[in-house]
Amino acid sequence: MSDWDSVTVLRKKAPKSSTLKTESAVNQARRQGVTVDTQQKYGAGTNKQHVTTKNTAKLDRETEELRHDKIPLDVGKLIQQGRQGKGLSQKDLATKICEKQQVVTDYEAGRGIPNNLILGKMERVLGMKLRGKERGQPIAPPGKK
C-alpha cells in the first residue's frame, strides 16, 4: 500500500490551556500521578495598579528627615506686594507665568514647594528678586548695571 492509499483521521483535539487550568483537570492530573505546578500571580484578580509605596506614605506623614521644603513666608509676602504693586490679581499673575492660579496662591501662603523655574518667571513679571540675598530688590533691566 502506498502513501497515497493510506488515510489518517485526526479527530481528537488537544485540550485548551483554559481547560487544563480548571480544578477538575488539576485533580484528575493529581490522581494520575502527573506533576502539577501551580502559581499564584501577584495581584491576581485585584485592581492594584496604583498602590502607594512606602516612600510616598513616609513623605505624606512628613517626618523630620523626609520633608519637602516650603516657600518662606517672607517670599510669599514679597510676591503679594509685588503683584499688588503692579495691579495684578493672582489669576493675572498666573496667566502671565503660564501656571495655575493655585500655584500663585500656594506660593503667597507659604505652602508651595519652591521651584526655581516658577520663581524665575515671577521675578521677571514682578520686576523684583525673590531668591538669594537680595530678596525684594528691583531687578535691573537687561543692559543697565
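1. At 65% relative accessibility, Cys98 counts as exposed in this predicted model, because that value lies above the 50% cut-off for exposure. Cys98 sits in the loop between helix 5 and helix 6, and its phi is near 60 degrees, a positive value in a residue other than glycine. Most residues other than glycine have a negative phi.

2. Is Gln90 buried or exposed? Gln90 has a relative accessible area of 18% and is therefore buried, since the cut-off for burial is under 20%.

3. Which side chains make polar contacts with the side chain of Gln90? One is the side chain of Thr105, joined to that of Gln90 by a polar contact of 3.0 Å, and another is the side chain of Glu108, with a polar contact of 2.8 Å. Leaving aside residues up to four places away in sequence, Gln90 touches Arg83, Gln101, Val104, Thr105 and Glu108.

4. Helix 6 covers residues 101–109 and helix 7 covers residues 116–126. Two packed helices are described by the angle between their axes and the distance between the axes. For helix 6 and helix 7 the angle is about 90 degrees, and the axes are 12 Å apart, so the two helices are roughly perpendicular to each other. Helix 6 contributes Val103, Val104 and Tyr107 to this contact, while helix 7 contributes Ile118, Leu119 and Met122. Sorted by class, the contact of helix 6 with helix 7 consists of six nonpolar residues, with no polar and no charged ones. Val104, listed in this contact, is also among the residues that Gln90 touches.

5. Turning to the chain as a whole, there are seven helices and zero strands, and the pattern read along the sequence is α-α-α-α-α-α-α. Of the 145 residues in the chain, 19% are buried. The chain exposes about 12400 Å², of which carbon and sulfur atoms supply 50%. Among the contacts between residues at least 6 apart in sequence, 42% join residues at least 24 apart.

Note on methods: Residues are numbered from 1 along each chain as its sequence is written. This is a predicted model: local features need pLDDT of at least 70, side-chain atom pairs count only at pLDDT 80 or more; totals for chains, interfaces and linings use all residues. Side-chain values use heavy atoms; hydrogens and water are left out. Helices (H or I, at least four residues) and strands (E, at least two) are DSSP runs, numbered from the N terminus. Buried means under 20% relative accessible area, exposed over 50%, partly exposed in between (1.4 Å probe, protein chains only). Contact means heavy atoms within 4.5 Å. Accessible areas come from the Shrake-Rupley method with a 1.4 Å probe; for residues, only the protein chains shown count as cover. Axes are lines fitted to C-alpha atoms, for helices over the stretch in contact, and angles run from 0 to 180 degrees between N-to-C directions. Angles under 35 degrees count as roughly parallel, over 145 as roughly antiparallel, 65 to 115 as roughly perpendicular and the rest as oblique. Ala, Val, Leu, Ile, Met, Phe, Trp, Tyr, Cys and Pro count as nonpolar, Asp, Glu, Lys and Arg as charged, and the others, Gly among them, as polar. A polar contact is a pair of N or O atoms within 3.5 Å; within protein, one must be able to donate a hydrogen and the other to accept it, and residues adjacent in sequence count only if both atoms are side-chain atoms.
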